[in-house]
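Trainee: I would like to learn how to read a fold feature by feature. Could we go through one together?

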Amino acid sequence: MKLYAVLLAAGLFAASLLGRADAAIVFTEVGDAGNMIGTAADTGATLTNTSGSLQINGAISLEPSAGPDYVDMYKFMFAPATGTDKFTVFTGSAFDPWLIADPVLYLFDWEGKGIAMDDESGGSGQARMSLFLATGTYYIAIAFAGVEPLDGDGNPIFDTFGNQSVLSLLALDSWLEEPFANEPGIVGAYGITAQVPVPGTLALALAGIFAAWSTRGRQRRVA
């Protein structure tokens, strides 16, 4: 009966975590999110294994009268239960045909140094990244394809048109704004979803519960 009680408690705890993870943190761009570390829009979000995903909604534009606005950047905190966990971020939605057709995602650390980028791994021209990150402050940037970040020496931070690896360890200083799209009227509405996997927390919690149960069992046998 005690084992049943432990399993029941674990199941209820897991269900509560899954319920909380369904509630997304929604951040909608107001004005211009900015394109540098100092001007990035702060989502105020801290992503954990139980926080739910971060959903960012905004738009970039090629319209000259609007700037133009080739890049938007957002700040967020990453704090998984174990200190390090998989971070996944992707663009687009199959339910919204008005979203930008070919966006690129760039990920930077708190200093503005490049960590990763992706162009079309999400399929249908959409971007998707999945990698392990440590607890900290990060910045995600979305841009039109062809727009790439440069360091203080004017060199590309990523091999944008090659294997997309990091080329420079220097921080972001500017953007080479030459988008492949060339129609001035294009407005690129976008959706960005960032999340931490819930199973990491579930595994940790269940491991702790069963470890405690196993320890009690050994103690009873010794006695």
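Trainee: Let me start with a single side chain. Is Phe78 buried or exposed?

Mentor: Phe78 is buried, because its relative accessibility is 0%, and the cut-off for buried is under 20%. Keep in mind that this is a predicted model. Phe87 is buried too, again because its relative accessible area is 0%.

Trainee: Which aromatic pair do Phe78 and Phe87 form?

Mentor: A search of the whole structure finds 12 aromatic pairs. Phe78 and Phe87 form an edge-to-face one, with 5.7 Å centre to centre and 85° between the planes. Planes over 60 degrees apart count as edge-to-face, so 85° qualifies for this pair.

Trainee: Which residues make up the aromatic cluster with Phe78 and Phe87?

Mentor: One cluster is formed by Phe76, Phe78, Phe87 and Tyr138. Now look at another pair: Phe108 and Trp175 are also edge-to-face, at 6.3 Å centre to centre and 80° between the planes.

Trainee: Where in the chain do Phe108 and Trp175 sit?

Mentor: Phe108 is in strand β6 (residues 103–109) and Trp175 is in strand β11, 67 residues apart, and the pair links these distant parts of the chain. Both Phe108 and Trp175 are buried.

Trainee: Next, sheets. How should I think about strand pairing in general?

Mentor: Strands of a sheet pair through backbone hydrogen bonds, either parallel or antiparallel. Here an open sheet of five strands runs in the order β2-β4-β9-β6-β7, and its pairing is mixed. The edge strands, β2 (41–47) and β7 (114–118), each pair on one side only. On average, neighbouring strands of this sheet are turned by 25° against each other, with direction ignored.

Trainee: In which sense do β2 and β4 pair, and over how many bridges?

Mentor: β2 and β4 (residues 71–78) pair in the parallel sense over four bridges. To find your place there, take Thr46: its bridge partner in β4 is Met77. Phe108, from the aromatic pair we discussed, stands opposite Gly114 in β7.

Trainee: What should I look for in the side chains along a strand?

Mentor: In a regular strand the side chains alternate between the two faces of the sheet. β2 lets you see this: Ala41, Thr43, Ala45 and Leu47 point to one face and are buried.

Trainee: What does Thr160 look like in its loop?

Mentor: Thr160 lies in the loop between β10 (148–151) and β11 (172–176). Thr160 is buried, with a relative accessible area of 9%. Its side chain makes a polar contact with the side chain of Glu148 at 3.2 Å. Leaving out residues up to four places away in sequence, Thr160 touches Tyr106, Met117 and Glu148.

Trainee: Where does Ala24 lie, and how far is its C-alpha atom from that of Ala194?

Mentor: Ala24 is in the loop between α1 (2–21) and β1 (25–28), and at 41% relative accessibility it counts as partly exposed. The C-alpha atoms of Ala24 and Ala194 are separated by 9.6 Å, although the two residues are 170 apart along the chain.

Trainee: To finish, how many helices and strands does the chain have?

Mentor: The chain has two helices and 12 strands, in the pattern α-β-β-β-β-β-β-β-β-β-β-β-β-α along the sequence. Buried residues make up 43% of its 223 residues. Of the contacts between residues at least 6 apart in sequence, 74% join residues at least 24 apart. The chain exposes about 11200 Å², and carbon and sulfur atoms supply 59% of that area.

Definitions and conventions:
Residues numbered from 1 in each chain as written. Predicted model: local features only at pLDDT ≥ 70, side-chain atom pairs only at ≥ 80, totals over all residues. Heavy atoms only, no water. Buried < 20%, exposed > 50% of the residue type's maximum accessible area, 1.4 Å probe, protein only. Polar contact = N/O pair within 3.5 Å; in protein donor to acceptor, adjacent residues only side chain to side chain. Contact = heavy atoms within 4.5 Å. Areas by Shrake-Rupley, 256 points an atom, 1.4 Å probe, with all protein chains shown as cover. Phe/Tyr/Trp six-rings, centres within 6.5 Å; stacked < 30°, edge-to-face > 60°. Pairing = 2+ DSSP bridges. Axes fitted to C-alpha atoms, helices over the stretch in contact; angles between N-to-C directions.
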